[in-house]
Amino acid sequence: MNFFRGVMGGQAAGPQPSGAETIQKLCDRVASSTLLEDRRDAVRALKSLSKKYRMEVGTQAMDHLINILLTDRSDSEILGYALDTLYNIICNDEEEEQDESEDENAQKQADDLGAQFTETFIQDPEHITLLLTLLEEFDFHVRWPGVKLLTALLKNQGVQVQGIILVSPMGVSRLMDLLADSREVIRNDGLLLLQQLTKGNAAIQKIVAFENAFERLLDIITEEGSSDGGIVVEDCLLLLLNLLKNNSSNQNFFKEGSYIQRMKPWFEVGDDNSGWSAQKVTNLHLMLQLVRVMVSPVNSPGATASCQKSMFQCGLLQQLCTILMATGVPADILTETINTVSEVIRGSQVNQDYFASVNAPSNPPRPAIVVLLMSMVNERQPFVLRCAVLYCFQCFLYKNQKGQGEIVATLLPSTIDANSISAGQLLCGGLFSADSLSNWCAAVALAHALQDNLTQKEQLLRVQLATSLGKPPVSLLQQCTNILSQGSKVQTRVGLLMLLCTWISNCPIAVTHFLHNQDNVPFLTAQISENLGEDERLVQGLCALLLGICIYYNDNSLENYTKEKLKQLIEKRIGKENFVEKLGFITKHELYSRAALKPQPVFPSPEQMLFDHEFTKLVKELEGVITKAVHKSSEEEKKEEEVKKTLEQHDNIVTQYKELIREQDAQIQELKEQVASMTTQNEQMQTTITQQLSQIQQHKDQYNILKLKLGKENQSLSNNQGDSSQVNGLQTEELSQLREEMEELRKQHTLLLTQLGEKDALINNLSAAQTAEAPTGGSDDKELLKELEALKSQVQSQLSEISQLKTEKQELLKRVKAGSSAAEPTSDNSVDVTKVADLESRLAAQTSEMERLKESRVELEQQLASATSTVAILQTEKAKLQTEVQESKKEQDDLLMLLADQDQKIHSLKQRLKDLGETVEDEDDIDARDQTDDDEDEDEDED
């Protein structure tokens, strides 16, 4: 420990070791010490020396530090020291500010050193995997230095580290968990880490996006105060830009997730916009860039249109226009807002119409377009702001013929209002002002009002300008050529030439008006033929383009300037080869290729503002055809014209056939619809017919049934009247049926008597047991006995009625037999019929009575079941309370068994006697008879 005190503390006596020697001893101690405390102290010492002796620590201790990460996973303190040491030797950021006089080579060497150590660290991909594993540790002293180390590795060797993380299982997901850390330091450094991770790697960008990054980042921005937040909001916005820029998949996911709607609150600014902090300006600038990424012209047209629609529907465009017209907004924010609004409305008719309706809060209110154009033609406004306004005007007119017509209409004599400033007046004022930049911007803006719109090109020919008092008005076309011939600045002439080329291209009437001025063609040929300096080459090329357009779109309406005469003029005055060479000056200019890259006019300085993006497209389209048109002879042109006429004829024939085919297609479609409707009607008719057939069949069946019933009734009626074999109104079949019913009734009665006897015996036994064992149950049993007695009396009455019915049946049978030999008088027949009817009614009454008895039996069985359950309970109580009478109980059980056997023997003997045909009377019958005899004896005694 004295050694570490010497390293970390005060100096010891004697010569001091060098830094390299100290580091070597520390490395040996880290490698050889068995005690964790010794290794921890050594790594702490290496950490303190790692910034001053970066080279030595990096070369000697890196392997030992990595080994510490592998072996000492259980100790968070030593892990933190090791990670901090690795970060110090790999990171290139200097904490202390360097003096301006310090050599830049030192910083370059430091950067190279960091890249070298990073390459050494990532030679084994497992080191990155190990680092990702350590990031799962929640301990602050491990997680935070791990985040910083991985960020430094990504800064130095981003592509290689990205590749390792991409193939690592759950690598990106582990890093996304940093955003959910409750400790803001780790969360904020996690944002910086994800910024480095997502740079230029579309695959990682998609993974991060689908790990719910948009939701988390927008939540953090909201929590931190949106545009009023601090550096954390800026980091979140930078990460969002990384995820969305040039990544169509993430852009679509952002739009489909309704995250565009969550951007609207960012741009809510108050009335007091003074004193914006630098951080707020930065945040709002990044927010505007984020909107522009979603609607950038380099995106696919479908995706851009969808985002533009969403921004209008959620009110984001309206919010941006509010900032645009607000006061006190910083200039750079205002410029970026104009650029953002430009791309939100570019090519979207709905958004363009809304922007045209926006008014500035002035008195009187003016359209926002007019206010912006006033800034564009004002030379005192900042250059970048004027470029932004021009871009906004171009985007407003892009694919917007309605807007183009409204702008041109403000220049026409019938629509000019002397009391208000219009967009046309501002453009004309800028076109002829003394400021060359205003001339160029106004010319380009006016050219966009004519882009791909033949109608507006012809309408603009009507515009007349009053140059001075006492002189007749001059057309706008003539005024442009006049200024061009006066030899103004190059920027002004380039702007006017671009306007003229756009104006007369694909418009033969405008070409005729241009050639009608006798001075224009000589001026163009003179400009092209002269040998001027480098600055004038571009003007010569544009003059050659303008003259070539006059040839290519010439309808030969002017005799002096037909196509052939203009080509002869070029050949004599300029030379075809020289003309083509001058025409090629345009595309060879360095600023031409820069303007062709993107629609937005971005220039380092006003002097370099020469080309417009849409004009470069026009040059690319016309350069080749003009070159061919100049080199063609008159014979070739005649052949071409003949070919064109033939093609036009063929086109007309094809058009006629197409129209005929369309008509036939329409007729075929109509016939198909008719066939479909008729098929549907046929199916409905078939269904109706099927239903009607089924109904007819049902009616037939019902008719047959009724017919059969009527036939049977007629047959029975005839049989009743004419059959003399019937006696007393009853047929033999009916008599047999009556016998069967009587027999069935008797059987049921016998069965009921048997069941009642069994139940009677059971009840007697139970009542005897209850009487001896539980007096409390006596009342219930008495009620059951009463009901049983009543049932027995009902049975006795039924027996008497049945015996009476038997007697009457026997008499009826005798009469039937007697009737078979000789017929009885009619009066007897009527009497018999009456008796039979009475008999039938009585049988019906007996049947209903038997049903009632069955129900009574069911109820009795239920009562018996309840009585049985009561007996079981009483028997249980009896077993507990009457333990003294067990012996007498056993004797009674034996007697009961003997009595039961005796009863069974008596029952079997009675049954055998019955089987032998002997009459055996039941005990109940004997008792009833004895009771009857007793009653008779009492009556006799009374007499």
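Predicted model: local features only at pLDDT ≥ 70, side-chain atom pairs only at ≥ 80, totals over all residues.
Reader: Which residues of helix α9 are buried?

Author: In general, an α-helix has 3.6 residues a turn, so residues three or four places apart point the same way. In α9, which spans residues 158-167, the buried residues are G158, V161, Q162, I164 and I165. Viewed down the axis of α9, these buried residues fall within an arc of 165°, so they line one face of the helix. The exposed residues V159 and V167 sit on the face turned away from that buried side, while the cover over the buried residues includes α7, α8, α10, α11 and α12.

Reader: How many salt bridges does the structure hold, and which parts does the one between R262 and D219 tie together?

Author: The structure holds 20 salt bridges. In the one between R262 and D219, the closest N and O atoms are 2.8 Å apart. R262 lies in the loop between α14 and α15, and D219 lies in helix α12, so the pair ties together parts that are 43 residues apart in sequence. R262 is partly exposed, at 27% relative accessible area, and D219 is partly exposed, at 29%.

Reader: Are R493 and E536, which also form a salt bridge, buried or exposed?

Author: Both R493 and E536 are buried, and their closest N and O atoms are 2.8 Å apart.

Notes
Residues numbered from 1 in each chain as written. Heavy atoms only, no water. Buried < 20%, exposed > 50% of the residue type's maximum accessible area, 1.4 Å probe, protein only. Helix = DSSP H or I, 4+ residues; strand = E, 2+ residues; numbered from the N terminus. Arc of directions from axis to C-beta. Contact = heavy atoms within 4.5 Å. Salt bridge = Lys/Arg side-chain N within 4 Å of Asp/Glu carboxyl O.
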